[in-house]
Amino acid sequence: MGRLARVAILLLTFLPAPALAQLRSVELYAPRPFGHVIGDTLTLTAEIALDAPFVLDPASLPQPRALDYWLDLRDVRLSDHGIEAGVRRYTLDLVYQTFYAPLEPRRLDIPALALSAVDGTRRVPVQVPAWSFLMSPLREIVGTGPGQALALRPDLPPQPIPMVPAWRGLVAALTVALAALGVLAWQMGWGPFGWRRSRPFARAARAVTSLLAASTDVTSNAYRGALLALHRAFDSTAGKGVFAEDLPAFFAGHPPFGTAEAEVRRLFSASRRAFFGDDTAGALKELPPPELAALARRLRSIERSGA
Amino acid sequence: MNAGRLIILASSAILALSLAAAAWFGGRLVVDHRDNALIASLATGHDLAASPDDPAELRFARLFFLATRDRLDETQPLLNRLATDTDRRLAVAALYDMANARLRIAIDHLGSNRIDPAVPLVRLAKEGYRRALVLDPGFWDAKYNLDVAMRLVRDFPQIDVDGEEMPPEAAKRLWTDLPGLPKGLP
């Protein structure tokens, strides 16, 4: 009899041994086991370690559902930490929500969870242990004042739509618009930026346009004034008087203006005729007013693009 | 393309975009201002129909208006839409206010001893509080009122078959505290 019992014990210890070897451990991390009230969520975390060829069968994971009339399983999250030293580790997060309304502190149980691990042919059970906790009541059993037992917490009144985000967005958009307008005006020489000393050709172009547009039939005076305005722009750009023979040095000092070299030479020869040869008509023929205005605009845009 | 032209193009594009954004924000301010005026007039007791396209705040204001005047049948379509809305805060508030309205009516029924119409209302209120708590588990007022509703229904175990949440001896202790129970014949 004693021998039989020993064999039975040996069998019992040997038979489950292979299954135990494949499941290393299941550790349950739970929140505090007391002081929970109706509607609370409880997150249980199970650390599961399996021997390497085994993986947790995803089909054995529970689906979020109502487990009992008072207990819901809200969320199931499984994260796989991979294999390390022949052991595969998982973290299983189980989020429960309790809707029990106790009259006095009461112990309740979250049932155990049966999962399984597979390695292709074999299947071993993995048991996440049960857990119990104390739930506390929210209210006294018998109200002290009349009608207090049925006094409800107040409604949530409707709130106006918050307007602050839209105001903030409007102010930000207008600020950006103002900044962009400033950059644009600076670059185009609009408004106060047009009188900047660093943009003599912008000023000259305005002078040329207004002089040539002032009279329908371009008088020699207006034409000469326009020529003079451009010459002053050349002078103040170079920092000294610029004459036809100084032009190569001017283009060497201000390379972007080199793209308009031919027109600039025409301008200088026309003004030589107008001022020194006293032949305004010839100058008008060599560089007609529309071309003079076009040249002024061209020089202004060359200057603007970073001369 | 040279640097100056690039700066002009970029700043013009930014100017156009920011002006468009400013116009959009300005339009939203005007619309929000109008909707806030409607919400305020609902709060002062003028009924206004709210269409499904209105912003959630306005639909919630209308729901609150109807729920606080016990017009629960008209409230249900509004609640169904708000409860599935992306704005979780308003969904919780709508579920909670609606459950409160049902529970208040149920308590009125119980006060005049009409138990049969009260029980389904309490059950619906419990359902509403539970859905609100699923969305926001830290909502204490919903917990409190759900507790009130739970005790109400459990106190009629012969009607509510799933009212086994409380041990019978506790129910007996609570019996005398209940409203709407016969206090004995005159």
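I started at Leu56(A), which stands opposite Ala117(A) in β8(A). This is a predicted model, so I kept the thresholds in mind: local features need pLDDT of at least 70, side-chain atom pairs count only at pLDDT 80 or more, and totals for chains, interfaces and linings use all residues. Residues are numbered from 1 along each chain as written, chains are lettered from A and ligands numbered from 1 in the order written, and side-chain values use heavy atoms, with hydrogens and water left out.

β3(A) pairs with β8 (residues 113-118) of chain A in the antiparallel sense, over two bridges. Two strands pair if DSSP finds at least two bridges between them. I then traced the sheet: it is open, with three strands in the order β3-β8-β9 (chain A) and antiparallel pairing. Its edge strands are β3 (55-56) and β9 (123-128) of chain A, each pairing on one side only.

**The five-stranded sheet**

Next I followed the open sheet of five strands, β1-β2-β6-β5-β4 (chain A), again with antiparallel pairing.

**Chain totals**

I noted nine helices and ten strands in chain A. Helices (H or I, at least four residues) and strands (E, at least two) are DSSP runs, numbered from the N terminus. Of the 307 residues in chain A, 38% are buried (under 20% relative accessible area, with exposed over 50% and partly exposed in between; 1.4 Å probe, protein chains only). Among contacts (heavy atoms within 4.5 Å) in chain A with a separation of 6 or more, 62% join residues 24 or more positions apart.

**The annotated span**

In UniProt, an unreviewed entry lists residues 166-189 of chain A as "transmembrane region"; such annotations may be inferred rather than shown by experiment. I checked that span in the model: it is 96% helix and 0% strand, and its end C-alpha atoms lie 34 Å apart.

**Largest pocket**

I got a volume of about 270 Å³ for the largest pocket. A pocket, on a 1 Å grid over the protein atoms alone, is an open set of points with protein on both sides within 12 Å along at least five of seven lines, and lining residues have an atom within 4 Å of a point. Of its 14 lining residues, His231(A), Val242(A), Phe243(A), Ser271(A) and Phe276(A) are the closest to the centre. α5 (220-238) and α7 (261-276) of chain A are the elements that give two or more residues to this lining. Which element gives the largest share of the lining of the largest pocket? α7(A) does, with five residues.

**Arg300**

Last, I looked at Arg300(A), in helix α9 (residues 289-304) of chain A. Arg300(A) counts as partly exposed because its relative accessibility is 27%. Its C-alpha atom is separated by 5.1 Å from that of Ala202(A), 98 residues apart along the chain. Leaving out residues up to four places away in sequence, Arg300(A) touches Phe201(A), Ala202(A) and Ala205(A).

Key: 1 Å grid on protein atoms, 1.4 Å probe; cavity = no way out; pocket = protein on both sides within 12 Å on 5 of 7 lines; lining within 4 Å. Points joined across faces, edges and corners; volume = space filled by probe spheres on them.
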